[in-house]
Amino acid sequence: IAKLFSKHPALFVVPRSTAESMAQWLGELGFDKNAIRDLLDRCPPLLQLTTANLKAKYSFLNGIGFSDAQIVQLLSRIPGWFKGSLDTNLKPRFALPEKHV
C-alpha cells in the first residue's frame, strides 16, 4: 500500500485504516498481495471507497446470479465498474428492459 500512495499522491486523503481494510477484504475474497497491489495500481479510486460500499456492490451482483468466482474475475478485469454508484451505474447495467405497452 505504501508504494501505491507514493505513485498516487491524491490517495493521501484516504485514511490508512480505510486502505488497510480494503486490502484485507480483497484478501478475504482470494486476492494475494501481488494481485491486490496490481488491482489498486490499475484503479486507485477503489481505495477511496469504503468496504461497506464494495460489499454492497458485491452482494448486489451475487443476488442477481453472479457466483463469487465470477465477481472476483469481474473485479480483476474491470475494477472501474466498482468505483461508480450502485444505484446509478451497476443496477442500470443489469436492469431488464421494461416492456412498452
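**Entry 1: α2 against α3**

I looked at one helix pair to begin, and found that α2 passes α3 in a right-handed crossing. I noted the rule: a crossing is left-handed if the near helix is turned anticlockwise from the far one by less than a right angle, and right-handed if clockwise. Helices here are DSSP runs of H or I with at least four residues, strands are runs of E with at least two, and both are numbered from the N terminus.

I wrote down the ground rules next. This is a predicted model, where local features need pLDDT of at least 70 and side-chain atom pairs count only at pLDDT 80 or more, while totals for chains, interfaces and linings use all residues. Residues are numbered from 1 along each chain as its sequence is written, and side-chain values use heavy atoms, with hydrogens and water left out.

Back to the pair. Two packed helices are described by the angle between their axes and the distance between the axes. I read an angle of about 125 degrees for α2 and α3, with their axes 10 Å apart. Axes are lines fitted to C-alpha atoms, for helices over the stretch in contact, and angles run from 0 to 180 degrees between N-to-C directions. α2 and α3 are therefore oblique to each other. The scale is this: under 35 degrees is roughly parallel, over 145 roughly antiparallel, 65 to 115 roughly perpendicular, and the rest oblique.

Which residues in α2 and α3 meet? I found Ala23, Leu26 and Gly27 in α2 against Ile36, Leu39 and Leu40 in α3. Contact means heavy atoms within 4.5 Å. Ala, Val, Leu, Ile, Met, Phe, Trp, Tyr, Cys and Pro count as nonpolar, Asp, Glu, Lys and Arg as charged, and the others, Gly among them, as polar.

**Entry 2: the whole chain**

I stepped back. The chain comes to six helices and zero strands. Of its 101 residues, 33% count as buried. Buried means under 20% relative accessible area, exposed over 50%, and partly exposed in between (1.4 Å probe, protein chains only). Among contacts with a separation of 6 or more, 66% join residues 24 or more positions apart.

**Entry 3: α4 against α5**

I turned to α4 (residues 51-63) and α5 (residues 68-77), whose axes come within 10 Å and cross at roughly 130 degrees. That makes α4 oblique to α5. α4 passes α5 in a right-handed crossing. Tyr58, Leu61 and Asn62 in α4 meet Asp68, Ile71 and Leu74 in α5. I sorted the residues of this contact into four nonpolar, one polar and one charged.

**Entry 4: the core**

How many residues has the largest nonpolar core? I noted 24, and Met22, Leu26 and Phe31 are among those with the most contacts inside this core. Such a core is a set of buried Ala, Val, Leu, Ile, Met, Phe, Trp, Tyr and Cys residues joined through side-chain atoms within 4.5 Å. The largest share of this core, five residues, comes from α2.

**Entry 5: two single residues**

Is Thr51 buried or exposed? I found Thr51 buried, with a relative accessible area of 17%. Beyond four places in sequence, Thr51 touches Ser21, Met22 and Trp25.

Gly84 sits in the loop between α5 and α6. At 12% relative accessibility, Gly84 counts as buried. Leaving aside neighbours within four places in sequence, I saw Gly84 in contact with Lys57 and Asn89.
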